[in-house]
Amino acid sequence: MSDDLRSYLGEQADRLFADHCTRELREAAEAGEFPTALWDVLEQAGFAAVLVPEDEGGSGAGWPEAEVLLRAAGRHAAPVPLAETLLAGWLLGRNRIAVPPGPITIAPTRPGAGLSLVDGRLSGTAERVPWGRAAGNVLVAVGNQVALLETTQAEVEPDTNMAGEPRDTLRFADAAPLAVATDDALTTTSLWQLGALIRAGQIAGALQASLAMAVQYANDRVQFGRPIGKFQAVQQSLAELAGEVAAASAAVGAACERAALPDAGFEIAVAKQRASEAAGIACRTAHQTHGAIGFTHEYALHPLTRRLWSWRAEFGNDAHWAAELGRFACGRGADALWPFLTDRTA
Amino acid sequence: MNAFDFESVTLPASAEALRGEVREFLGRELGNYPPRKRAESWTGFDGAFSKKLGDAGWIGLTWPKQYGGHERSYLERYVVIEEMLAAGAPVAAHWIADRQSGPTLLRFGTEEQRQRVLPKIAAGDCFFCIGMSEPDSGSDLASIRSRATRTDNGWLLSGTKVWTSNAHNCHYMIGLFRSDPKAERKHDGISQFLVPLDTPGIQISPIPDLIGQHHFNQVVFDDVELPDTALIGEAGEGWRQVMAELAFERAGPERYLSTYQLLVEMIAEATQDPGERHAVAIGRTVAHLATLRRMSLSIAGQLQAGEDPALAGSIVKDLGNSFEQAMTGTAYDQFDVEPSFGSDGDLSQVLAFLTQVAPSFSLRGGTREILRGIIARGLGLR
């Protein structure tokens, strides 16, 4: 991994999002208008294809670089399926399936959902597919099979998450994929787990931004003759939040470093659990610090907090991943836990 | 906000080789050591055990060889201490000397002090306690009133130190005294001293903790005469020196592993086929533990890179102490067990001990409130 490349990507992404991901754009997106202009800029910058191999037209970077973009997208509450497209590009690339331009989504978003791939034809229903209506293509995983389809093959029923991001139902009936491949690596790290990874990455970014906003506000807002950030009660809760943000961030970093290895399930489960738990604390603390102004539609805290409340519940909430980890730890037995943990950093 | 980023560290093969040696040693030495004793973690005092560690070459690991050290990396040291903590080894006797007193002497001490004391520490023969808090000075450490008065050939110490863990079993204290009562700022005019605890005029008496255990002490200095050679570093520089010492005190894995034995007992109690609520409770604990370990290891990496881990250490200590305390709550909530020292059950015994000592976790080495104040300043507040 190159730290230089990561910081370059981060700065470039921050600049690009700051320029294009405006309040008006977010509001239009929430009203149902896909921000094509923003997407085009992201695609032109090569961000959508950082995980696609170079000989397939991408930049052939790894998950630590993708993490930088996931976080930036989260920080700016960007209403585009960059995370899903990154993930789809990675899976298509490793299966040598040509990556189509434009946003690509992923399905299903719950394990054991009702999709079947029989004789190369896809049938069934996938619920809460991110940006299903806006993505031109969808990457579908069924068992160890991956398939790429045009979303025009599906009947789309729109819905949204709490932040107004599309979470649509896609119904397929004997649909013909553009390509199908066998991907045995999905049996060790599933699409569901990888979905949890990208959401955890976005959460880490949104956490960072909500902390930064709360700190800024605490330094600016004057009550009782001084900035509220001078009050110990406010300092203590923001310090607690900073710890949560740092922990979520560390967990996500560990998961992204491991993501390309055959068995990344443990670190991903830890990351989604830890980030989702921090999300609840961040929303509570950021809103409490901001007082009534943070509760208005006009003020730009809610694009972060409504996403955090949504994202923490997507691809498994903290209790879901905690239960997975608990069953794993208990199944191996008490004495095996410590050696397992230390082996992961050896 | 660099201190809020915890870069991943992958341990080198040399550290992992050392881990194997330490595990083998601990397996041999602690075979039947009971869970209730393991739960004492780094507060379990056993001078003979420390001596064995000294013989094995695992104390003063990072120190120069000329002072009895072993010139190994901070990452290797990290591995040794995390293995001790995970196993619940009784490391208290040498812990303070290895963690902070030795490093303080290496950094600020005189050549004579280093040569006199460090080889004995590294051999597992010399134990230290911390002389910071006083009856009226806890979190407000700079308000200390114990005095060091210059004499013709040294210093005269008077005053009272409290909460001095294991003073009754230690050879030396590094004590913080006010050496210049006329200094304008309370942070100035403070100095650190290397105090042999057998010096006449020192009276050590127990302050039993809430369970009735004796580890705390009150240490009274009644005109204790010390030579010039007792001064550590420069007179009046004690505050800066003690802040550096506290960074060592706050940065290690003992700040999140104090209740590891309780997790072990919870997993055992939940069986290999746990119910949903046990799985959720244990899994959440495992997720926090794995994350804290990554963060803590990152601090060892910072130390190795010569960086100052003071702020990062405060973040991990605050998170870690909250995690340790929450774990006793988790065990209580999720397992219908009455905590009791007389129980046949290990979970019950371990929970009885840790429930009662848990309040100290967010007090010792800097309270939660002090740490969060440091973190808030790091965020740019106040």
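Trainee: Within what distance do the axes of helix α7 of chain A and helix α10(B) come, and at roughly what angle do they cross?

Mentor: The axes of α7(A), residues 232–258, and α10(B) come within 10 Å and cross at roughly 95°, where axes are lines fitted to C-alpha atoms, for helices over the stretch in contact, and angles run from 0 to 180 degrees between N-to-C directions. This is a predicted model, in which local features need pLDDT of at least 70 and side-chain atom pairs count only at pLDDT 80 or more, while totals for chains, interfaces and linings use all residues. Residues are numbered from 1 along each chain as its sequence is written, and chains are lettered from A and ligands numbered from 1 in the order in which they are written.

Trainee: Why are α7(A) and α10(B) called roughly perpendicular?

Mentor: Angles of 65 to 115 degrees count as roughly perpendicular, those under 35 as roughly parallel, those over 145 as roughly antiparallel and the rest as oblique; the crossing is at roughly 95°, and α7(A) and α10(B) are therefore roughly perpendicular to each other.

Trainee: Which residues of α7(A) and α10(B) meet?

Mentor: Ala242(A), Gly243(A), Ala246(A) and Ala247(A) meet Ile315(B), Asp318(B) and Leu319(B), a contact being counted if the C-beta atoms, placed from the backbone, lie within 7 Å.

Trainee: How many residues of each chain are in contact, and what does α9(B) give?

Mentor: In the contact between the chains, 46 residues of chain B touch 42 residues of chain A. Among the elements giving two or more residues to the chain B side are α1 (13–29), α8 (260–270) and α12 (368–379) of chain B, and α9(B) gives the most, with 17 residues. That side of chain B divides into 25 nonpolar, ten polar and eleven charged residues.

Trainee: Why are α8(A) and α9(A) called roughly antiparallel?

Mentor: Helix α8 (residues 265–290) and helix α9 (residues 302–311) of chain A pack at an angle of about 155°, with their axes 9 Å apart, and they are therefore roughly antiparallel to each other. Their contact sets Ala279(A), Ala282(A), Cys283(A), Ala286(A) and His287(A) in α8(A) against Thr305(A), Leu308(A), Trp309(A) and Trp311(A) in α9(A), and its residues divide into seven nonpolar, two polar and no charged.

Trainee: What makes β2 and β6 of chain A edge strands?

Mentor: The open sheet of four strands has the order β2-β3-β7-β6 in chain A, with antiparallel pairing, and two strands pair if DSSP finds at least two bridges between them. Strands β2 (115–118) and β6 (154–157) of chain A each pair on one side only, as edge strands do. Within this sheet the twist averages 15° from one strand to the next. Strands β3 (residues 121–130) and β7 (residues 167–175) of chain A run antiparallel and are joined by six bridges, and Ala126(A) stands opposite Leu170(A) in β7(A).

Trainee: Why does the radius of gyration of chain A agree with that of a compact globule?

Mentor: The radius is taken over C-alpha atoms, and the globule rule is 2.2 Å times the number of residues to the power 0.38. For 346 residues a compact globule would have a radius near 20 Å, and chain A has 20 Å, so the two agree. For the 382 residues of chain B the expectation is near 21 Å, and chain B has 21 Å, which agrees.

Key
Two residues are in contact if their C-beta atoms, placed from the backbone, lie within 7 Å. Ala, Val, Leu, Ile, Met, Phe, Trp, Tyr, Cys and Pro count as nonpolar, Asp, Glu, Lys and Arg as charged, and the others, Gly among them, as polar.
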